[in-house]
Amino acid sequence: MRFSFREFPDPGTDNVRARPIVDVVVEGLDIAPQACLLDSGATAVRFGAHVASICGVDLSEAPRTRLAVGGAVVSASMAEVNLVVADDSESYAWTAPVWFCDPWVPAFGLLGLTGFFDHFQLTIAAYDEWIELTPIN
């Protein structure tokens with residue numbers, strides 16, 4: 001699957017730049033795919049807690065912790081959820097542990113090592129601004 005970089009704002013600034021971002025469908029909610037930054041420095045997949053609420057993910061009994069994300073300390077709850085990524089010709093679905101965080105400032109989710117990078121072989125061509133994902137089966 002191949003994706004072009006997309007322009008997104010830097011959190012807290014007026015700067016906009018092209019970034020390696022893909023849309024991910026969470027828990028089958030096709031009408032609200034989540035824009036997600038590929039982040040090799042993130043240890044896991046992270047979304048704002050509002051995403052769990054929108055997708056009907058119950059966090060009432062979820063494991064909880066505090067995490068540092070983008071310079072802020074957030075409360076995070078983890079749930080195993082179904083994720084799908086697709087381009088114009090193919091798609092790939094998997095189940096992953098996802099940390100739903102509050103508060104959440106970025107305009108995108110984060111796709112990290114556990115739950116994303118461990119499911120794909122990834123090529124990033126930053127100069128040409130594209131990403132290629134090959135599922136690891």
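Select Arg-2 first. Arg-2 is partly exposed, at 46% relative accessible area (buried means under 20%, exposed over 50%, partly exposed in between, with a 1.4 Å probe and protein chains only). This is a predicted model, in which local features need pLDDT of at least 70, side-chain atom pairs count only at pLDDT 80 or more, and totals for chains, interfaces and linings use all residues. Residues are numbered from 1 along each chain as its sequence is written, and side-chain values use heavy atoms, with hydrogens and water left out.

**Stop 1: the salt bridges**

Glu-132 is partly exposed, at 30% relative accessible area.

Which strands does the pair of Arg-2 and Glu-132 tie together? Arg-2 lies in strand β1 (residues 2-4) and Glu-132 in strand β12 (residues 130-135), so the bridge ties together parts 130 residues apart in sequence. Helices (H or I, at least four residues) and strands (E, at least two) are DSSP runs, numbered from the N terminus.

Now select Asp-23 and Arg-6. Their side chains meet in a salt bridge, at 2.9 Å from N to O. Asp-23 sits in strand β4 (residues 21-26) and Arg-6 in strand β2 (residues 6-9), so this pair links distant parts of the chain, 17 residues apart. Asp-23 is partly exposed at 32%. Arg-6 is partly exposed too, at 29%. The structure holds two salt bridges.

**Stop 2: the second largest pocket**

The terms rest on a 1 Å grid over the protein atoms alone: a pocket is an open set of points with protein on both sides within 12 Å along at least five of seven lines, and lining residues have an atom within 4 Å of a point. This pocket holds about 160 Å³ of space. Grid points are joined across faces, edges and corners, and the volume is the space filled by probe spheres set on the points.

Which element gives the largest share of the lining? It is β4, with four residues. Color by element: β1, β4 and β8 (72-86) each supply at least two lining residues.

Then color by residue class. The lining divides into eight nonpolar, one polar and three charged residues. Here Ala, Val, Leu, Ile, Met, Phe, Trp, Tyr, Cys and Pro count as nonpolar, Asp, Glu, Lys and Arg as charged, and the others, Gly among them, as polar.

**Stop 3: the backbone**

Go to Glu-27, in the loop between β4 and β5 (34-38). Glu-27 is not a glycine, yet its phi is positive, at about 50 degrees. Glu-27 is partly exposed, at 33% relative accessibility.

Jump to Glu-129, in the loop between β11 (120-125) and β12. Phi of Glu-129 is also positive, near 60 degrees, in a residue other than glycine. Glu-129 is partly exposed, at 40%.

Next, select Asp-102 and Pro-103. The peptide bond from Asp-102 to Pro-103 is cis, with omega near 0 degrees. Pro-103 is in the loop between β9 (91-102) and β10 (109-111).

**Stop 4: the cysteines**

How many disulfides does the model hold? The count is zero, with a disulfide taken as a pair of cysteine sulfur atoms within 2.5 Å.

Select Cys-55 and Cys-36. The sulfur of Cys-55 has its closest cysteine sulfur in Cys-36, 11 Å away, which is too far for a bond. Cys-101 is in no disulfide either; its nearest cysteine sulfur, that of Cys-36, is 12 Å away.

Are Cys-55 and Cys-101 buried or exposed? Cys-55 is buried at 14% relative accessibility. Cys-101 is buried at 0%.

**Stop 5: the whole chain**

Zoom out. The protein has one helix and twelve strands. From the N terminus the elements run β-β-β-β-β-β-α-β-β-β-β-β-β. The radius of gyration is 14 Å, close to the 14 Å that the globule rule gives for 137 residues, so the protein is as compact as a globular protein of that length. That radius is taken over C-alpha atoms, and the rule is 2.2 Å times the number of residues to the power 0.38.

Show the C-alpha trace. Along its principal axes the trace spans about 40 × 35 × 25 Å. Last, color by accessibility: 45% of the 137 residues count as buried.

Conventions: Salt bridge = Lys/Arg side-chain N within 4 Å of Asp/Glu carboxyl O. 1 Å grid on protein atoms, 1.4 Å probe; cavity = no way out; pocket = protein on both sides within 12 Å on 5 of 7 lines; lining within 4 Å.
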